[in-house]
Amino acid sequence: MTLRKPILFLLLILAATAEAQVGKYRNDLSIGVNGGYVLSNVGFTPKINQAFHGGVTGGVTFRYVCEKYFNTICAVQAEVNYAQIGWKEDILDQQDAPVINPATGLPEQYSRTMNYIQVPIFAHLGWGREEKGFQFFFQAGPQIGFCIGESTDANFPLDAPNTADRINSVTAQYDMPVENKFDYGIAAGLGLEYSRPRMGHLQLEARYYYGLGNIYGDSKKDYFGKSNFGNIVIKLTYLFDIIKTKNREG
């Protein structure tokens, strides 16, 4: 029920926006490209100390503006993206200092990178200029993803980690590939858009994604009770118009 309620609420918003048409009619379709940077981690239970894992994201964007209701520009915006997400461990000793590998004399490091195809679908609300100038926007909606590959980067033997010096001795994840390749959750973002006729639309956005699924099994027999993603995304999007409303008013 936790997932169904917010998704149902967003679908009702989209349906009302698309069909009610109580405001000023719009029929604007734009497509374009997006790219940016993702800071991610995984919410493990038992806990694993982490810093943010950095990766790139990029893909194609579609937007359909269907109505201007008073000062609010109502649209549906969707993307198909490639994203590098995962987690990076913060391996510390009892004094919160980096654990040194005795074989190399270097701080121990471990990170897991997972490559995903992600599809967010947003209810997009904007306030400001539609064609000439700036517009502030908020968007939110469900997101699904599918893992297409993963890789590990470590500077110590994964089959013999130095757990004696660590404040956090959880190492079960080292030999566990992703079990649940399908991911789902809720994303929301705030941004600024600049538009010019015949030039298109440029968006700068900060977005947060909260995963509702786990990458590992979460039954009583599984090691981790929780293993969901949290992503902070900063991205630029460029859109150009395919269809524009004729005889626009307002």
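Analyst: Two strands pair if DSSP finds at least two bridges between them. Helices (H or I, at least four residues) and strands (E, at least two) are DSSP runs, numbered from the N terminus. In this structure, a hairpin of four residues connects S5 to S6. The model is predicted, so local features need pLDDT of at least 70 and side-chain atom pairs pLDDT 80 or more, while totals for chains, interfaces and linings use all residues. Residues are numbered from 1 along each chain as its sequence is written, and side-chain values use heavy atoms, without hydrogens and water.

User: Which way do S5 and its partners run, and how many bridges join them?

Analyst: S4 and S5 run antiparallel, with 14 bridges between them. On that side, Gln 77 stands opposite Phe 122 of S5. S5 and S6 (residues 133-154) also run antiparallel, joined by 17 bridges. There, His 124 faces Gln 139 of S6.

User: How do I read an aromatic pair?

Analyst: Two values describe a pair of aromatic rings: the distance of the centres and the angle of the planes. Rings of Phe, Tyr and Trp (its six-membered ring) pair if their centres lie within 6.5 Å; planes under 30 degrees apart are stacked, over 60 edge-to-face, the rest tilted. The whole structure holds 14 such pairs. One of them joins Trp 87 and Tyr 110: the centres are 6.2 Å apart, the planes stand at 40 degrees, and the pair is tilted. This pair links distant parts of the chain, 23 residues apart: Trp 87 sits in S4 (residues 72-89) and Tyr 110 in S5 (residues 110-128).

User: Is Trp 87 buried or exposed, and is Tyr 110 buried or exposed?

Analyst: Buried means under 20% relative accessible area, exposed over 50%, partly exposed in between (1.4 Å probe, protein chains only). Trp 87 is buried because its relative accessible area is 0%. Tyr 110 is buried too, at 2%. Across the protein, buried residues make up 41% of the 250 residues.

User: Which residues form the aromatic cluster?

Analyst: Phe 44, Trp 87, Tyr 110, Phe 156, Tyr 174, Tyr 216, Tyr 223 and Phe 224 form one cluster.

User: Which residues of the largest nonpolar core touch the most other members?

Analyst: Nonpolar side chains tend to be buried together in soluble globular proteins. A nonpolar core is a set of buried Ala, Val, Leu, Ile, Met, Phe, Trp, Tyr and Cys residues joined through side-chain atoms within 4.5 Å. In the largest one here, of 26 residues, Trp 87, Met 114, Tyr 116, Ile 215 and Phe 229 touch the most other members. S1 (24-45), S4, S5 and S9 (226-243) each supply at least two of its residues. S5 gives the largest share of this core, four residues.

User: What does Asn 115 touch?

Analyst: Asn 115 lies in S5. It counts as buried because its relative accessibility is 18%. Contact means heavy atoms within 4.5 Å. Leaving out residues up to four places away in sequence, Asn 115 touches Tyr 82, Ala 83, Gln 84, Phe 146, Cys 147, Ile 148 and Gly 149. The C-alpha atoms of Asn 115 and Val 56 are 9.9 Å apart, although 59 residues separate the two along the chain.

User: What share of the protein's contacts join residues at least 24 apart?

Analyst: 75%, counted among contacts between residues at least 6 apart in sequence.
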